[in-house]
Amino acid sequence: MKMIEDFKNMVEKSLNLSEPWYVKGAEFHADEPAIHIYIGVTKRAVIACPKCGGATKRYGYEPRERVWRHGDCMFYPTFIHCRRPKVLCPSCGVQQVNAPFERQDSRFTLMFEGYAMLIMASMPIAKAARALRCDEKTLTNILNYWVEKAVDERKLCDIKSIAIDETSFRKGHDYVTVVIDAAKRAVIDVEPGKDASTVEKFSEKLTQKGGNCAEIKSVTSDMSAAFLSAVEEKFPNAKHTIDKFHVKQLVLKSLDEVRKKEQKESSEKQALFRGRKLFMIPEKRLTEEQRIALQSLSKQYPKTGRAYRIVSVLDDFYACETAEDADPVFAGLYSWMRRSRLPEMKNTAATLLKHKDRIMNYFDNRLTNAICEGINSMIQSAKRAARGFHTFKGFASKIFLVAGKLNLAVSCPF
Ligand SMILES: [Zn+2]
């Protein structure tokens with residue numbers, strides 16, 4: 001049996017080489033260990049000017065050989081060596097010619113970068129760095145380059161419905177605001193911070209990229225005051241809906257506060273602490289066993305039991321088909337919360353009343369909201385995927401990569 005005879009052809013294909021570029025040879029250095037492949041350029045070949053595409057004269061080579069990391073070969077790191085030619089163009093002067101396998105100023109081949117993007121899309125950055133035997137900073141640079149390019153080139157026409165949400169990174173010290181195209185379910189913008197300026201910056205980008213703020217018909221967000229006024233100002237024709245997820249989250253938070261307080265006051269703290277997760281399960285999803293356990297806990301801890309039933313009414317509210325059906329349920333919920341003798345619920349009731357119109361918009365916007373349903377979980381999964389990034393840019397790039405549905409210009413090796 002012979003060894004691979006067509007090794008040259010294999011290398012040419014994987015580096016996208018064609019005339020006048022050719023493979024000079026390859027070596028295996030057992031001491032490193034690594035594979036080194038040497039690329040040449042035929043001397044007399046006429047090369048077009050990289051700047052204007054016109055005819056040129058050859059002007060020697062770059063002074064020093066350049067090295068690029070390529071995809072591993074049989075698990076050995078593989079390096080490409082080449083001294084690239086220079087050309088003299090009558091209109092552009094002396095120009096450095098780039099090799100067909102590189103992007104300018106990168107020390108990695110395009111195919112390596114494509115592979116790195118694939119790996120980075122599916123695992124945390126630290127893990128990707130280990131898998132690729134590459135440092136995190138270098139990988140983040142590759143990620144930022146390709147994502148930025150794709151985001152810059154993407155048009156934002158025909159966007160009618162958006163969802164805005166904020167999420168924290170760096171252990172909750174910093175925030176980013178994420179804007180999602182509800183129809184395509186894709187992240188279209190990530191801005192640093194969570195104040196009104198994020199909405200303003202997004203509206204500017206939308207306009208620059210072919211969109212029209214006046215055509216935004218629906219905006220879904222949480223209750224933050226910064227978003228409310230900015231949305232009204234920047235998207236005057238949009239119906240603004242406070243999404244179900246955030247309303248539910250607010251009421252559940254109050255329930256948890258009630259539970260913590262009662263737990264502190266109680267002589268039997270443990271039972272309520274152990275049962276705390278039961279109170280987070282919607283009534284309809286409880287198993288028979290859980291229902292019985294919850295009933296007895298509710299008797300023992302009446303305040304938490306009362307707060308739990310309030311959450312159930314909120315679920316009934318969202319189960320309504322129309323705004324007409326939902327309106328009396330809201331009224332009932334509100335008055336019950338006010339009379340609950342639970343200060344946490346009373347405060348939350350006031351917040352709900354303040355935002356009633358925007359909360360009720362849910363029922364007129366059911367279709368959009370159905371699309372938006374999964375958006376928060378999408379942001380959460382993007383956030384999990386972006387773990388490990390210490391800069392805003394890296395964090396934003398990772399969110400775009402996993403949830404942006406981008407058209408990356410780098411080709412995937414598979
Ligand atoms: Zn030229």
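The packing around helix H7

Author: Val247, Leu250, Val251, Ser254, Leu255, Glu257, Val258 and Lys261 of H7 meet Pro343, Glu344, Met345, Thr348, Thr351 and Leu352 of H12. Contact here stands for heavy atoms within 4.5 Å, and helices are DSSP runs of H or I with at least four residues, just as strands are E runs of at least two. The model is a predicted one, in which local features need pLDDT of at least 70 and side-chain atom pairs count only at pLDDT 80 or more, while totals for chains, interfaces and linings use all residues. Residues are numbered from 1 along each chain as its sequence is written, and side-chain values use heavy atoms, with hydrogens and water left out.

Helix H7 spans residues 244-265 and helix H12 residues 343-354; the two pack at an angle of about 165°, with their axes 9 Å apart. These axes are lines fitted to C-alpha atoms over the stretch in contact, and the angle, from 0 to 180 degrees, is taken between N-to-C directions. H7 and H12 are therefore roughly antiparallel, a term for angles over 145 degrees. They cross in a right-handed manner, that is, with the near helix turned clockwise from the far one by less than a right angle, anticlockwise being left-handed. Eight nonpolar, three polar and three charged residues make up the contact of H7 with H12. In this count Ala, Val, Leu, Ile, Met, Phe, Trp, Tyr, Cys and Pro are nonpolar, Asp, Glu, Lys and Arg are charged, and the others, Gly among them, are polar.

H7 also packs with H10, at an angle of about 170° and with the axes 8 Å apart. This makes H7 roughly antiparallel to H10 as well. On the H7 side, the contact involves Lys244, Val247, Lys248, Val251, Leu252, Leu255, Val258, Arg259, Glu262 and Glu265. On the H10 side stand Pro302, Lys303, Thr304, Ala307, Tyr308, Ile310, Val311, Leu314, Asp315 and Tyr318. By class, the contact of H7 with H10 has 12 nonpolar, one polar and seven charged residues. Val247, Val251, Leu255 and Val258 of H7 take part in the contact with H12 and in that with H10.

From H10 the packing continues to a further helix. Helix H10 (residues 302-319) and helix H11 (residues 323-338) lie at an angle of about 165°, their axes 9 Å apart. H10 is thus roughly antiparallel to H11, and the crossing of H10 with H11 is left-handed. H10 contributes Arg309, Ile310, Val313, Leu314, Asp316 and Phe317, and H11 contributes Ala326, Val329, Phe330, Leu333, Trp336 and Met337. The residues of this contact comprise 10 nonpolar, no polar and two charged.

A zinc ion is coordinated by the SG atoms of Cys49, Cys52, Cys89 and Cys92 at 2.2 to 2.3 Å; donors are N, O and S atoms within 2.8 Å of the metal (3.2 Å for Na, K and Ca). The four donor atoms subtend angles of 106 to 112°, which makes the arrangement tetrahedral, a term requiring all angles to lie between 85 and 135 degrees. In sequence, the donor residues follow the spacing C-x2-C-x36-C-x2-C. Cys52 is in the loop between strand E2 (34-41) and strand E3 (57-61), and Cys92 in the loop between strand E6 (85-89) and strand E7 (93-96), so the pair ties together parts that are 40 residues apart in sequence.

Note on methods:
Parallel < 35°, antiparallel > 145°, perpendicular 65-115°, else oblique. Tetrahedral: all angles 85-135°; square planar, octahedral: opposite > 155°, others 65-115°.
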